[in-house]
Every structure is written in C-alpha cells, then in structure tokens.
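The exercises below concern the pockets of one protein model. Please examine the sequence and structure before working through the solutions.

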Amino acid sequence: MTAVSGFTSCEDAVSFTADRGALLSFSADTVQFDTVISTIGSSTRQLMVYNRNSDGLRITSVHLKKGDVTPFRVNVDGSYLEPESGARAFDFEVRKGDSIRVFAEVTMPENGQDAPVAMNDTLIFSLESGVEQHVILAAVGQDAYMWRGRVIEKDTLLQGGRPIVVYDSLSVKAGVTLSMAPGVKLYFHDGASLWVHGRINVEGTAERPVVFRGDRTDRMFDYLPYDNTPSRWGGIRLKATSEDNRVNYADIHSASFGIACDSSSLDFVKLTLENSVIHNVGGEGLGLYHSRVSVGNTQISNTLGHCVAVVGGWAEFVHCTLAQFYPWDASRGAALYLANKWLAEDYPLEHAYFLNCLVTGYADDVVTGNLEDKDKSVDYYFGNCVLRTVEDVDNAARFVDVVYEAKEDENSGQKQFRLFDTDNFLYDFRLKDIALARDKGAVEWAAGYPADRWGVDRLTGGMPDAGCYEFVSEE
C-alpha cells in the first residue's frame, strides 16, 4: 500500500502553468521546403517543439492560418490537421523538459507560370494562457511539363521556360532532330534516360545552359541536396544510328552515366561537345566506343567510372579539364582511359589527340589504358597538356611540351582549384593563381577556342592555360 501511495504522489507532482511568460521553443522559426514540382508531393520536413519551462504547457489547438485551402499537410504529435476541421487539431500536453514532433509536407498547385512561385502559410500554436506562437511554412512551386515514355517522331524545338519532367525515358527516332534552345531544363525521374537514335542539337549559352539533371529537388540531408549526389537518373545514349549530334553549353550532372556513344562509322561525326560540363555521375562521364567525336572547352569531372573512356575510333579534345575526384567511392576510374580492345574485340584507335588539356585527379596516375600497338595502328598524342601520370620515356614523341603532375606538388591536383568542398560536395574547377596549369597551353591549339568556357579571352596576356578555364583573379 505504501508503494502505491508513493507512485500516486509522483503523478500528482506533474503541474501545468497558464503563465503568459511560459512559451514553447521551436527547432526552427521557419519550415523551408526546397523548390518542388507543382502537383507532386514533397518530402517530409520535421519540426521539434520543446517545453523548456519548469512546468508543463497545454496547447489548446494547433491550426494552419489558411485552413482548408492550404497546400501544406501537417501532423502534430500523431494528430493530422484535417482539412475538414479547418486544418486544426486540439488538446496537446507538453510536460516540462519534454517535446513533441511536427511533420509537414506540401503539394504545390499549378500556377500557370514558367517562373517559380512562392507560397507560405502559418502554423499557429494556441496555448492555454491565450498566447499564440507562430511557425512559418514556406515553399516554392515550379510548374513543369510531364512527359511519360515520350518518343520524338518529328523534328522538334524545345524552348526555355518551365522544366520538363521525364518519366520512363525520352527517345528520338532515327532521322529526327530534337533541338534545345537556351534555358531548356530536362528533369529525369529515377532510371529515366535520353535515347537518341536520330540527332540532338543542344544550343545553350554560358548564362542559360541546357540542363540535364534528376527530378529530386529536395534534400537527402539538411546540407546535401539530392542534386549534388550521383545516379539520380540514367544518362544520354547516342545509339548506332545517331550522327551529327551537337551539344553546346550543356550542364549534365548527377546521372548514372553522362554521354555514351555507341559504335558507329567513322565516316561521319557522331558528336561535337563544346563549352559543357559533365559532373558527378555514377558511371563513365563520356564513353566513346569506336566513334568520331570532337570535344572542346569542356569539363568532365567526378565520375565513378572513367571521366573519359576512348575505345577505338577518332577523338580530339582541345582545352578540356578532366578531373577525377569522385568522392563517393575509392574504387573510382581514371580521368582518361584509352583502349583499342574491348571485350576481346579489336577497335582500332585511329586518332586520339589531347591539346591544351588538364588531366588530374586523386590517384598518382589518372591516365590509363589498354593499348596493343603490334600493328602500329594506334595514334594518340598529347600536346601542351598537364597530366597526372608517369612520364612515358619510351613514347616521348607522343607527349610534347607536357607537364607531369606529382602528388607532392603544392600547386597541382585539387589544390589548384577555386572550390573543393568535400563536406558539402561543392566544386569549382576554375583555376587559382597558384595552379600548375597556368600558362602551360600553346597558342596554336587555342586558335579554335580563343575564349574559355565562360568567355574569358585566353589569347592575350601570355600563354593560354591548360584546361577549359583561363585564370581570372577571384577579386
């Protein structure tokens, strides 16, 4: 009987206050959602509500200011704010030192505009004391076109405006051209890819590139957007029948692979890739399989597979930055891989030239390959490049005016780039003033690209820099 009495007195010790000075504390004063695609539900955000007072607090109600017309959905400590009840729930107790959880989601309505539209609501906590406390819910909605299994069957021009969300992949039929103007944004759902049997003509600008990315606009963690992680969608595959593709000022990132060129006749150019970025992909950045390809002023970086794989064919790279600093897996590929055999098949490497390029990465040697030169059919050449590899003294004629990086160099590797934030996975591969790549290019190779990827003149003020970026003071 004594034990029961002691238990009862402990319960009686719980007290609640209606003092107007006793307030709730919140983990944030605003629950901020990332930009969400209109009509598609967001991920869930969490808000913690704390009672740091010496007595308990009673919350008589929690409601959304906009009531049943709000786009937000809220659950407070297991109670859903039902639209039928005016988005309101009642009677919560938070004992001293205790807390409750609030979960919020949003589905933004279509706004009929190309530009994103912001929308807010207020979550109002009414205390027993009569005090009201507010937390803002904020989101930005982006209208988009939804394409499911779309096949381009006639010549088509896409204009910039609202993004296109691609489900179940997008295909271009043989003999058909899909053109993309500056500002076009293609958001691919998980696993979706662009399959090109015909031709693509991508013409962005430095200010308004054509963007290929995944459709996750939310965050994996507070500090990490899904868009900064790899393998969020498939990639771009140029099939055997595809020829004369042009990609200029494109931003291709967070894919499972970047651009893959299937084996084709070398009598025609399969791809011209210029002023573009392929970054942070879970496979090869640019896979060239017995194709004729020209690449200039382009950054290909941070890939689980090789940044660039050239297997046979004809390829020329001028003023390119190949940077292999993939952070998600130590078994990453090379920055550059050259081969004339694949799966026991021979693929003659007729021409693989790298001019004024910067090829670097984490490893001691990021230029590798599988080349058999028994019949002297292999033709590769590096001119005025900076390479993180071992000097090949037996083939010195193939490496002319090349600078070899070493790990101990204080101005090489990752140390020569403006931003290298491996905590938040943010990178800027423009050069610092100490960069080994400065002034290592040759004017003769720069003639075809007198300005860098951002339009910076590289033909005045000395020798051009290696890579796709000419040094500019950060000031």
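**Exercise 1.** Identify the strands that each supply at least two residues of the lining of the largest pocket, and state the volume of that pocket.

*Solution.* Step 1: the strands are β25 (250-253), β28 (277-281) and β46 (426-431); strands are DSSP runs (E, at least two residues), numbered from the N terminus. β46 gives the most, with five residues.

Step 2: the space in the largest pocket is about 550 Å³. A pocket is an open set of points on a 1 Å grid over the protein atoms alone, where a 1.4 Å probe fits, with protein on both sides within 12 Å along at least five of seven lines; lining residues have an atom within 4 Å of a point. The volume is the space filled by probe spheres set on the points, which are joined across faces, edges and corners.

Step 3: the lining has 24 residues, and Asp251, Val277, Gln299, Tyr427 and Arg453 are the closest to the centre.

The model is predicted, and totals for linings use all residues, whereas local features need pLDDT of at least 70 and side-chain atom pairs pLDDT 80 or more. Residues are numbered from 1 along each chain, and side-chain values use heavy atoms, without hydrogens and water.

**Exercise 2.** Describe the lining of the second largest pocket.

*Solution.* Step 1: this pocket has a volume of about 280 Å³.

Step 2: among its 18 lining residues, Val367, Leu371, Tyr380, Asp392 and Phe399 lie nearest the centre.

Step 3: β40 (367-370) and β41 (380-383) each supply at least two lining residues, and β40 gives the most, with three.

Terms used:
Helix = DSSP H or I, 4+ residues; strand = E, 2+ residues; numbered from the N terminus.
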